[in-house]
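Let's take a friendly walk through a protein model and look at how some of its charged side chains pair up. Keep the structure open as you read.

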Amino acid sequence: MATVNGTNYIPAVQTCDLLFFLGNNPQRKSQSVDSLSSTLPRARWMVLSSKRSFKPSVYSLSTKQIFSKEGGSRIQCAGKSITIPSESEENPANVWFDSIEKEDPVAQFKMSDFELCNDVSIGLSGRRDEVVFEAIVRNSESPLKNSRVVLRQLTGSHAQRRGRRALEVLRKLARRQFMYRSYATRVHGYILPSGAVDQCSFTLVHGYYGSYSLHHWLLLTDWLPALEAKLALDEDCARRVGDDTTGGPTISRQSRLIRMLMRDLLIGVNYLHSHGLAHTELRLENVHISCVDRHVKVGILGHAADFHDRSLKSSALDSNIDRRQLMIAFDIRCVGFMMAKMVLRELMDPSIFMKFKSFLTMENNPSCLREFLLPIFYKKCPAGSIGVQILDRNWGAGWNLLALMLATKPSDRISCLDALRHPFLCGPRWPVEPSIGIIRWGLGSTAVRIAEEYIYGPHQRNRLAHYIDLMERLNPNSDWKNWHALLPGKWRLLYHTGRQIGLTIREASPRVLIGNVYLSFLPIKDSKRSFSMAADIDFTVMVDPHWPHDKRGKEGNLHITSNVEMTNGERIYQIESQVIEQGAIQEKDSESNESILTTSQVPVTRKSSRNGQWRKVSQFLPKETPSSLPVVKLVPSDVEVTMNLDYATKGTSLPSKVLLEVRLQVPQEMFDISKLVCGTYVDSRMLILRGVTGSALLFTRTFES
């Protein structure tokens, strides 16, 4: 019982969590209701529960709104009832609540409220049923007075449907106006045609964010400094993506700007998903950037779709869940396409983007995008692509995020929240604890980058051997059944830990330059364990004496085929004192080839995995070095060798000499594929095989450009 101004009131709740505002500073406080009578006149209070508040706005409640006389009316507040007085039908609080419930966020304008500008656009993004005007609000009573807005006249039935849907979404998101105004194109209202009773056509009024969409910005040759100037990037903006610096090299500036745009885009899309909506039309042409709040706007939401189909019965809950998952995955895929164009500006070329999209349409694994795009980009720009360098940073984190967004299966695509926590979108001041998948990806990407440098000094060779060893110990697919699904395809040889013999330290005759070396696997029908294995070795016979400066010559190819059967096996680790030196060749007969006993090429220690950039790997590895690891045993059959050489000669000695030279330069396991005895690592992108000598062969999945 509480007494206020001589009147007794009964508290409807004993304790509550209260948020009050003194000035502009919100404070949370938990206290009994009986002690509020002396505090309420001096502060504005909002009653909260542990889950949500009664209204998103801050209420100015009087003492009578918290306490009630006996017999007073009651309202429900976040699951708990609060009694309010019913002294008069003209209670100011009741009138205020009614006005809030009846308030419509969609305003209706008149054409006389605007002063039209000279800018008119027709057929933007291929829409001929829309006419876009720029105008300035001249109505003195409007809160938008002197503001520049966009009048989008919708003339066709489809366009009108988009406009009405945009207004419906605005009403649905009205409770969180701050997020809506920050990350979506703000829709102010509509204009009905004068004198028209029906609403067969109308004009949509929405915010103005400049004449350029994000697509137009990226088409500019100086798009990076232009966008930086528009957004007025400073240290505060840099801190939004975990960075505390501005300026720097072009790659750092572009990477920082892309992180800002991508984070805003993902926050806006996640905001829609959290309200049960999917955008369904995310494209660069529909995204604008505001120079006022420096946020990305994801469009007017005219194609936004609800996750739950109300036409379905309540028993079709699973269908609604599947619908929600598919719609979220579709939006994420669209964001992935936008990210690819922002980073890899070569994709703004329609012909290159069509190849990129065809690669994904054919259900190729997007984790192999780098291997597919690199030759295409090199033809257009031999000096290298800035976008590729950005994605290669942080051990290929950008390629990993792109692959997760563009995954073939919708269930495999990353969510908006997980994408915001991805290392590629977090700056150096936001340390991210990497998952085991990110670590595997980083090990493979680093090994690929080192192999591409083609500088095989002792330091590089030791690093590559160590990364290969770590990948083998983190192998996610050690059973032959997993290999049966991942192994089919074409693999390109990147590196092998055996001997490296080339043309630079000796004088060969004839001079043979080895090109790409491929290993292909094709499943055999009616057999789950057997594959048809083929090795293809491309080479060039250089007849010009000035071959160091002119690598042209006669093209040739060596084709080796065999069948192989897979079984589960075990790889034995040798202790450090028994490790054989690199390039040592062991003579084994056919019976010894059936054994899975192989030797490590480097000392198996954990010292280097605890230090440096890969110290995070140690938490996923056992404390003690394992004595053996599960692998997939390869049992090959007879080998058939065929050589093609585009070179006409009367003698017969040249082909045999070319064959001997090719055999000398390539790994012996590729010339005689029967010497491949086990597979130690495989995923959608990388493959590691071991030979009879213990040397490891590192492959990456490849596709025809």
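Glu 168 is partly exposed, with a relative accessible area of 43%. Keep in mind that this is a predicted model. The partner of Glu 168 is Arg 165, and their side chains meet in a salt bridge at 3.2 Å, N to O. Arg 165 is buried, at a relative accessible area of 16%. Both residues sit in helix α3 (residues 157-172), three residues apart, which is about one turn of the helix.

What lets such pairs form? Side chains of opposite charge can pair when their charged atoms come close.

Now turn to a pair that reaches across the sequence. The side chains of Glu 371 and Arg 492 form a salt bridge at 2.7 Å, N to O. Glu 371 belongs to helix α11 (residues 369-380) and Arg 492 to strand β19 (residues 489-496), so this pair ties together parts that are 121 residues apart in sequence.

Next, find Arg 449 and Asp 392, whose side chains meet in a salt bridge at 3.8 Å, N to O. This pair links distant parts of the chain: Arg 449 lies in helix α14 (residues 436-453) and Asp 392 in helix α12 (residues 386-405), 57 residues apart. Arg 449 is partly exposed at 36% relative accessible area, whereas Asp 392 is buried at 11%.

Salt bridges can also join into a network, as they do for Asp 129, Glu 130, Arg 152 and Arg 162. The structure holds 21 salt bridges.

Conventions
Residues are numbered from 1 along each chain as its sequence is written. This is a predicted model: local features need pLDDT of at least 70, side-chain atom pairs count only at pLDDT 80 or more; totals for chains, interfaces and linings use all residues. Side-chain values use heavy atoms; hydrogens and water are left out. A salt bridge is a side-chain nitrogen of Lys or Arg within 4 Å of a carboxyl oxygen of Asp or Glu. Helices (H or I, at least four residues) and strands (E, at least two) are DSSP runs, numbered from the N terminus. Buried means under 20% relative accessible area, exposed over 50%, partly exposed in between (1.4 Å probe, protein chains only).
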